[in-house]
Amino acid sequence: MEIRVLKYFLMVAREENITKAASLLHLTQPTLSRQLMQLEEELGVTLFHRSKHRIILTEEGMLLRRRAEEIVSLADKTREELRLEREQLSGTISIGSGELQSSRYLTRLLTSFQEANPLVDFTIYSGNSDNIKERIERGVLDAGLLQEPVDIARYSFIRTPVREQWGVLVREDSELAAKENVGPADLAAVPLIIPERETVRNELLNWFGPYAETLRITAAGNLLYNLACLARDSGSCVLTLKLDCIYSGLRFVPLAPVLGSGTVLVWKKAQVFSPAAAAWIDYCKKYISGII
């Protein structure tokens, strides 16, 4: 598969019309149609359901679309890295981060590095630790800020000095909102919304101890804004990390006994990085150790 042909395929998949896609690609319609048919022959699958005015991806086409987006993105990233002018550090560094208090620490680190290297820019991917690790493995991200517990055996890492704090978001009219903190017994009888990551969920269930068997879990998810909206409407409590965010009608109440999580900045071992990414990782080591 050629990168050029994958870009043709992605354009057609986006436009759902060969004539329009051909115009945007500055190709003739017969040329584009021939390229798509050759791609289907090469792969041995049908990629499109074709009609007179519209074409729609088959299941095989949807799978190729996901893979093609990753391949094209990685190819563009590699091409950009190879074009870097070594006289002055430049380029794009791709970082993943969860919704964490440590994100503030990360942004200060990015800003400090960028002040010294103004031609470097960043792309930030937001997701949980599992999503970020997957993208690091594929080479789409250079590094990621991960919430523990997480398996980092395959990565080089630096532990950040920030400690995350667990608690619950509850409605302001809830009896729990008046408490200084809440324990397992307080939450055993109320509807709960929990994180979807299995390792984090297990850690929370361990915190509940014997109450874990009686919990009333109504939902799970990974984006706090959506979960907060659900809590406000349903009266459920969201088990979440403390963030510098205000959600109207909700209050954050810490857990007791205290439950905390560490965070680590990770990148692949033995990875060949662009000059900009390599310089940034070296900067991170010095910044977090206090040398800078």
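Which residues of helix α2 (residues 18-25) are buried? In this predicted model, where buried means under 20% relative accessible area with a 1.4 Å probe and protein chains only, they are Ile18, Ala21, Ala22 and Leu25. Because these residues cover an arc of only 100 degrees around the axis, they lie on the same side of α2, the arc being that of the directions from the helix axis to the C-beta atoms. An α-helix has 3.6 residues a turn, so residues three or four places apart point the same way. The buried residues of α2 pack against α1 (3-15), α3 (29-43) and β2 (55-57), with contact meaning heavy atoms within 4.5 Å.

The protein chain as a whole has ten helices and 13 strands, which are DSSP runs (H or I of at least four residues for helices, E of at least two for strands) numbered from the N terminus. The chain is more spread out than a compact globule, because its radius of gyration is 24 Å, well over the 19 Å that the globule rule gives for 292 residues; the radius is taken over C-alpha atoms, and the rule is 2.2 Å times the number of residues to the power 0.38.

| Property of the protein chain | Value |
|---|---|
| Span of the C-alpha trace along its principal axes | about 70 × 55 × 35 Å |
| Buried share of the 292 residues | 47% |
| Share of contacts with a separation of 6 or more that join residues 24 or more positions apart | 72% |

Residues are numbered from 1 along each chain as its sequence is written, and side-chain values use heavy atoms, with hydrogens and water left out. As the model is predicted, local features need pLDDT of at least 70 and side-chain atom pairs count only at pLDDT 80 or more, whereas totals for chains, interfaces and linings use all residues.

Terms used:
Buried < 20%, exposed > 50% of the residue type's maximum accessible area, 1.4 Å probe, protein only.
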